[in-house]
Amino acid sequence: RKTIVQTAPATRVALSVEFGLEPGSVSTGRMINALRALGFDYVTDTNFSADLTIMEEANELLQRVQGKREGSLPLFTSCCPGWINYVEIHRPDLIPHLSTTKSPQQMHGTLSRCGPLAKQIAAETEEEPFVVSIMPCTAKKDESVRPGNVGDIDAVLTTRELAKMIRHRKIPFASLSNEGKYDSPMGESTGAAAIF
């Protein structure tokens with residue numbers, strides 16, 4: 001099967017630290033090149049769907065303020081699965097305040113299943129792609145198997161798990177070119193997505 005991998009923004013700095021590069025250095029291109037060396041067919045950026053999440057949450061807020069949509073104010077993001085678990089267990093009174101918008105990881109997974117790359121892959125192979133997320137938080141693993149999300153993401157790896165895979169395959173991460181590029185269109189994003 002063809003594979004699509006998405007990477008969260010924090011992974012590009014965390015991998016630098018994992019491989020002994022100066023703390024705070026950004027290794028986006030190295031990470032992309034390492035993922036390609038591991039065999040991923042398409043490497044995409046979660047920031048693409050963060051832009052979509054920003055627009056959808058803003059639209060939901062506007063509709064709630066105007067009384068066109070049910071839900072309480074203030075509106076709280078639903079993009080952090082650790083936060084969602086906390087609210088469900090300890091503060092169920094806040095559930096009406098949660099946005100109904102999918103997180104960038106889950107939105108990206110949905111697009112990976114039915115967006116332009118998925119259509120291209122289906123035309124070539126007649127199969128759905130295998131969709132992987134590289135995330136800095138272990139709670140993203142739980143998010144991918146929550147009811148309503150099952151099927152969007154096939155596997156979630158943490159940054160440390162990716163680093164172990166890179167080491168296991170003896171890929172010289174620190175020596176890789178930092179010029180790797182994400183696949184288009186799911187590699188494009190704005191500055192707003194980066195700070196999301």
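Hi everyone, I'll talk about the nonpolar core of this structure and then its aromatic pairs. Please keep in mind that this is a predicted model.

Let's start with the core. The largest nonpolar core has 20 residues, and Leu 35, Leu 162, Ile 166 and Phe 173 touch the most other members. Two or more residues come from each of helix H2 (28-37), strand E3 (130-135) and helix H8 (159-168). H2 gives the most, with 4 residues. As background, nonpolar side chains in soluble globular proteins tend to be buried together.

Leaving out residues up to four places away in sequence, Ile 166 touches Phe 19, Ala 34, Leu 38, Ile 171 and Phe 173.

Now, how many aromatic pairs are there? The count comes to 3. Take Phe 19 and Phe 173: the ring centres are 4.7 Å apart and the planes sit at 25 degrees, so this pair is stacked. Phe 19 is in the loop between helix H1 (11-18) and H2, while Phe 173 is in the loop between H8 and helix H9 (191-195), so the pair ties together parts 154 residues apart in sequence. Both of these Phe residues are buried.

Over to Trp 83 and Tyr 86. Their ring centres are 6.4 Å apart with planes at 20 degrees, so they are stacked as well. Both lie in helix H4 (residues 81-90), 3 residues apart, which is about one helical turn. Trp 83 is partly exposed, at 25% relative accessible area, and Tyr 86 is partly exposed, at 41%. Together with Phe 76, Trp 83 and Tyr 86 form one aromatic cluster.

Note on methods
Residues are numbered from 1 along each chain as its sequence is written. This is a predicted model: local features need pLDDT of at least 70, side-chain atom pairs count only at pLDDT 80 or more; totals for chains, interfaces and linings use all residues. Side-chain values use heavy atoms; hydrogens and water are left out. A nonpolar core is a set of buried Ala, Val, Leu, Ile, Met, Phe, Trp, Tyr and Cys residues joined through side-chain atoms within 4.5 Å. Buried means under 20% relative accessible area, exposed over 50%, partly exposed in between (1.4 Å probe, protein chains only). Contact means heavy atoms within 4.5 Å. Rings of Phe, Tyr and Trp (its six-membered ring) pair if their centres lie within 6.5 Å; planes under 30 degrees apart count as stacked, over 60 as edge-to-face and the rest as tilted.
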